Amino acid sequence: MSGLWLFCRAGFESDCAAEIQDKASQLGVYGYCQAKAGEAFVVFRCQAEEAEHLASKLPLKELIFTRQWLVILAEMDLPAEGDRVSPILTCVAENQQRLGLLGELTVTTPDTNEAKSVAGFTKKFTVPLRQALRGASLLSQKPLAKRPSLQVVFINKVRVVVGFSFSFNQAPWAGGIPRLRMPGDAPSRSTLKLDEAFSVFVAKEEHEQRLQSGLRAVDLGAAPGGWTYQLVRRGMMVTAVDNGPMAESLMDTGQVSHVREDGFRYLPKKRNVHWLVCDMVEKPARVGELMTEWLLQDYCKEAIFNLKLPMKQRYLAVNEYLQHIKEQLQNEGHGRFELQAKQLYHDREEVTVHARWL
Ligand SMILES: C[S@@+](CC[C@H](N)C(=O)[O-])C[C@H]1O[C@@H](n2cnc3c(N)ncnc32)[C@H](O)[C@@H]1O
């Protein structure tokens with residue numbers, strides 16, 4: 001049976017399943033989920049046409065717990081030795097009418113240690129598979145942006161899922177994980193979280209405008225400065241609010257002013273802040289309210305913040321927090337806005353939210 005194959009963080013399969021079931025039913029598709037804790041993926045079983053319908057009509061960016069997805073073409077066991085390209089080639093050829101020319105190929109694994117142990121093999125396997133697909137005129141000679149992408153997922157060395165996603169509704173990274181470099185001089189590892197959030201929430205072609213040098217930013221709960229580092233790196237002027245110490249290297253840039261104050265009380269003197277970012281470890285409802293207030297009062301244009309997740313029913317809980325923010329922005333706001341949330345690769349028991357006026 002066909003369906004959708006969804007990548008998520010290991011341990012969050014039930015949240016990913018609850019979410020896809022909910023969103024699919026809103027589009028009139030009633031399937032069922034197969035998920036095992038720790039496998040880092042969920043299969044949503046439904047008819048092939050329904051899976052394709054969801055993959056094109058349900059925006060991936062509206063899913064919080066799904067990093068990447070594919071419409072399943074086949075799930076198969078490959079021979080442990082010998083020719084492993086041909087079975088995949090045959091499967092794609094059988095679906096050629098449905099797919100047309102494919103624009104790209106990704107070979108990847110779910111995000112678990114076990115699956116990642118075959119990552120070296122998948123890298124090597126990509127080359128002969130790509131050549132064979134091109135040789136059979138199933139895959140374009142150069143990556144084509146406006147054609148479906150073929151995704152091949154190795155669950156282990158033998159078990160493989162073959163599927164596709166639409167170029168207009170997929171994450172641009174294999175498995176939905178952007179490859180980011182940890183800067184050697186960043187004060188903390190959580191710097192990658194904000195770097196990833198910018199990659200996920202701000203379209204690449206808008207980086208020049210929305211992440212440009214000279215913009216003003218406020219970082220609430222900034223110490224030691226991993227998030228501030230990302231803002232400074234992009235040339236912004238940052239007010240870092242935290243009672244804790246900020247890294248000297250950041251203070252030396254002259255782009256940071258450190259305010260030792262309660263982040264829940266601090267307000268900027270002027271309404272010239274573009275980015276508000278907040279990594280204070282606090283009750284999600286309280287953080288949500290603070291962020292909403294900044295947006296409603298026009299203290300900032302865009303906000304990125306973390307919401308800690310409860311132990312259980314995390315999809316329901318996060319939906320509730322977001323709904324509350326949405327209603328307030330709708331009822332008390334002054335225009336159109338965008339509100340998105342994602343459990344990023346660098347997030348653990350939390351999700352990252354982006355909100356902005358349009
Ligand atoms: C997870 S750390 C932030 C890490 C930071 N984003 C980085 O990348 O280096 C949380 C910070 O929030 C600060 N914090 C917690 N509650 C706060 C409050 N009410 N006002 C200001 N800072 C607060 C803590 O002092 C701590 O430094």
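Predicted model: local features only at pLDDT ≥ 70, side-chain atom pairs only at ≥ 80, totals over all residues.
The structure has 0 disulfides, and it holds 1 cavity of 30 Å³ or more.

**The span of residues 188-282 and helix α9**

- Over residues 188-282 the chain is 28% helix and 21% strand, and the C-alpha atoms at the two ends of this span are 19 Å apart.
- Helix α9 is mostly covered, with 7 of its 8 residues buried, and the buried residues are Gly226, Trp227, Thr228, Tyr229, Gln230, Leu231 and Val232.
- Thr228 lies in this helix, which runs over residues 226-233, and Thr228 counts as buried because its relative accessibility is 0%.
- When residues up to four places away in sequence are set aside, Thr228 touches Asp219, Ala222, Val238, Ala240, Met246, Leu250 and Val256.
- After α9 comes Gly235, whose phi is positive, near 85°.

**Residues annotated as a binding site**

- In an unreviewed entry, UniProt places the feature "binding site" at Ser190, Ala223, Pro224, Gly225, Gly226, Asp242, Asp262 and Asp279; one of these, Gly226, is also among the buried residues of α9.
- Ser190 sits in the loop between β7 (159-165) and α7 (191-201), and it counts as partly exposed because its relative accessible area is 25%.
- Asp279 is found in the loop between β11 (273-278) and α11 (284-296), and it counts as buried because its relative accessible area is 17%, under the 20% limit for that class.
- Apart from residues up to four places away in sequence, Ser190 touches Trp227 and Asp279.

- Residues 83-166 are 40% helix and 21% strand, and the end C-alpha atoms of the span lie 28 Å apart.
- Gly100 is located in the loop between α4 (96-99) and β5 (104-108), where its relative accessibility of 27% makes it partly exposed.
- Although Gly100 and Arg147 are 47 residues apart in sequence, their C-alpha atoms are 8.1 Å apart in space.
- Arg147 is in contact with Gly100, as is Leu138, when the neighbours of Gly100 within four places in sequence are left aside.

**Cysteines**

- The count of disulfides is 0, and Cys8 is in no disulfide, since the nearest cysteine sulfur, that of Cys16, is 4.4 Å away, whereas a disulfide requires sulfur atoms within 2.5 Å.
- Cys8 counts as buried because its relative accessibility is 1%.
- The cysteine sulfur closest to that of Cys91 belongs to Cys46 and is 17 Å away, which is too far for a bond.
- Cys91 counts as buried as well, because its relative accessibility is 5%.

**Cavity and pocket**

- Rolling a probe the size of a water molecule over the atoms shows where empty space is left.
- The largest cavity holds about 30 Å³ of space, and its lining consists of Phe7, Cys8, Ala40, Arg67, Thr109, Pro110, Asp111, Gly175 and Ile177.
- By class, the lining of this cavity has 5 nonpolar, 2 polar and 2 charged residues.
- The second largest pocket has a volume of about 440 Å³, and of the 16 residues that line it, Lys23, Glu62, Leu322, Lys326 and Leu339 are the closest to its centre.
- Two or more lining residues of the second largest pocket come from each of the elements α1 (13-26), α12 (314-332) and β13 (337-342).
- The lining of the second largest pocket divides into 7 nonpolar, 4 polar and 5 charged residues.

Notes:
Residues numbered from 1 in each chain as written. Heavy atoms only, no water. Buried < 20%, exposed > 50% of the residue type's maximum accessible area, 1.4 Å probe, protein only. Helix = DSSP H or I, 4+ residues; strand = E, 2+ residues; numbered from the N terminus. Contact = heavy atoms within 4.5 Å. 1 Å grid on protein atoms, 1.4 Å probe; cavity = no way out; pocket = protein on both sides within 12 Å on 5 of 7 lines; lining within 4 Å. Points joined across faces, edges and corners; volume = space filled by probe spheres on them. Nonpolar A, V, L, I, M, F, W, Y, C, P; charged D, E, K, R; others polar. UniProt positions renumbered as here; feature names shortened; annotations may be inferred.
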